[in-house]
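Welcome! Please take a look at the sequence and the 3D structure below, and then we can walk through some of the details together.

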Amino acid sequence: MMLARALEPESLDHLAPDDPVAQRSRRDLRRVNAFMGARRILARALARAVAVDADDEADAEAEADVAAPLRILELGCGDGRLMLDVARHRGDRWPGASLDLLDRQPIVDAATLAAYGAAGWRARPLVADVIDWAARGDSEPRWDVVVANLFLHHFEGDALRKILAACARRADALVACEPRRSRFALAASHLIFFLGANAVTRRDGVLSVRAGFIGSELGAAWADASAAATWQLDEYDDGLFTHCFVARRPARP
Ligand SMILES: C[S@@+](CC[C@H](N)C(=O)[O-])C[C@H]1O[C@@H](n2cnc3c(N)ncnc32)[C@H](O)[C@@H]1O
């Protein structure tokens with residue numbers, strides 16, 4: 001039987017950025033992302049989103065090369081280290097990419113920003129609540145692609161609609177890699193103490209799976225928010241724990 005989606009506030013969101021418990025939990029998150037294969041999953045989804053012909057999945061990664069230099073916005077970037085891993089491993093596919101790192105908390109440090117430079121990308125932090133960002137006018141900058149990892153599951157209903165609608169207005173593609181709401185992932189989320197996770201990460205891990213997505217839930221939310229039938233949508237599971245959603249405007253003829 002399907003698990004019903006249930007949203008509860010996550011502990012990390014309510015801890016100050018300099019709280020040692022929060023800092024430890026963000027380090028845990030890096031291990032969780034590594035365990036889930038998040039860097040590869042996100043890079044694959046990004047390649048789909050910016051490929052010239054997304055209908056041909058076999059060519060999608062190869063075709064990603066031509067889309068540089070990309071303007072990327074990451075929503076809920078945390079410490080910014082996951083996209084840094086993408087830049088380090090796959091950055092040559094999108095040379096000179098510029099990356100805006102949005103999070104409500106000011107937690108992208110100078111060393112991380114410098115490391116993006118060393119990887120050939122230009123990154124800058126944007127400290128903002130995503131709902132405020134979504135409410136900004138369309139004269140704001142545009143991006144080729146918005147990415148989100150373990151982020152959209154924090155939202156539902158009107159808030160989720162506003163975020164997706166803003167992405168549709170202000171970008172040509174959206175990539176979201178979210179927790180998969182399956183019984184297997186839920187069972188596994190109770191075991192993340194094996195990764196050395198603290199109490200905050202252990203609690204948030206379970207809540208994240210309960211708030212995660214399955215099937216075509218994100219596509220349905222997107223259709224509801226974007227009011228445009230022309231987008232190419234791709235929603236799929238990647239790995240054991242991740243549910244991905246890619247929306248892109250079709251290439252102009
Ligand atoms: C589970 S963490 C994921 C961080 C990062 N994407 C990763 O994979 O390591 C969720 C992030 O979303 C941020 N966040 C939560 N609610 C937010 C909001 N309303 N606006 C902006 N950022 C928010 C939190 O501060 C946190 O860094």
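## Before the segment of α1

A polar contact is a pair of N or O atoms within 3.5 Å; within protein, one must be able to donate a hydrogen and the other to accept it, and residues adjacent in sequence count only if both atoms are side-chain atoms. Ser11 sits in the segment before α1 (20–36); helices (H or I, at least four residues) and strands (E, at least two) are DSSP runs, numbered from the N terminus. Leaving aside neighbours within four places in sequence, Ser11 is in contact (heavy atoms within 4.5 Å) with Val200, Arg203 and Asp204.

## How to read the model

This is a predicted model, in which local features need pLDDT of at least 70 and side-chain atom pairs count only at pLDDT 80 or more, while totals for chains, interfaces and linings use all residues. Residues are numbered from 1 along each chain as its sequence is written, and side-chain values use heavy atoms, with hydrogens and water left out.

## The nonpolar cores

A nonpolar core is a set of buried Ala, Val, Leu, Ile, Met, Phe, Trp, Tyr and Cys residues joined through side-chain atoms within 4.5 Å, where buried means under 20% relative accessible area (1.4 Å probe, protein chains only). The largest nonpolar core has 34 residues, of which Ile72, Met83, Trp94, Tyr116, Trp121, Val145 and Val175 touch the most other members. Elements that each supply at least two residues of this core include α4 (81–90), β4 (145–149) and β5 (173–179). Which element gives the most to this core? The answer is α2, with 9 residues.

Leaving aside neighbours within four places in sequence, the contacts of Val175 include Leu42, Val147 and Phe245. Apart from this core lies another, of 31 residues, among them Phe155, Leu160, Ala165 and Trp231.

## Strands and a loop

Strand β2 runs parallel to β3 (residues 122–127), and 6 bridges join them; two strands pair if DSSP finds at least two bridges between them. Ser98 has Arg122 in β3 as its bridge partner.

Leu150 is found in the loop between β4 and α7 (157–170). Phi of Leu150 is near 50°, a positive value in a residue other than glycine.

## Around the ligand

Of the 18 residues around the ligand (a heavy atom within 4 Å), Arg26, Gly76, Asp103, Val130 and Asn149 come nearest. An N or O atom in the side chain of Arg26 is 2.9 Å from an oxygen atom of the ligand. For Asn33, a polar side-chain atom lies 3.1 Å from a ligand oxygen atom. Gly76 takes part through a polar backbone atom, 2.8 Å from a nitrogen atom of the ligand.

Key:
Buried means under 20% relative accessible area, exposed over 50%, partly exposed in between (1.4 Å probe, protein chains only).
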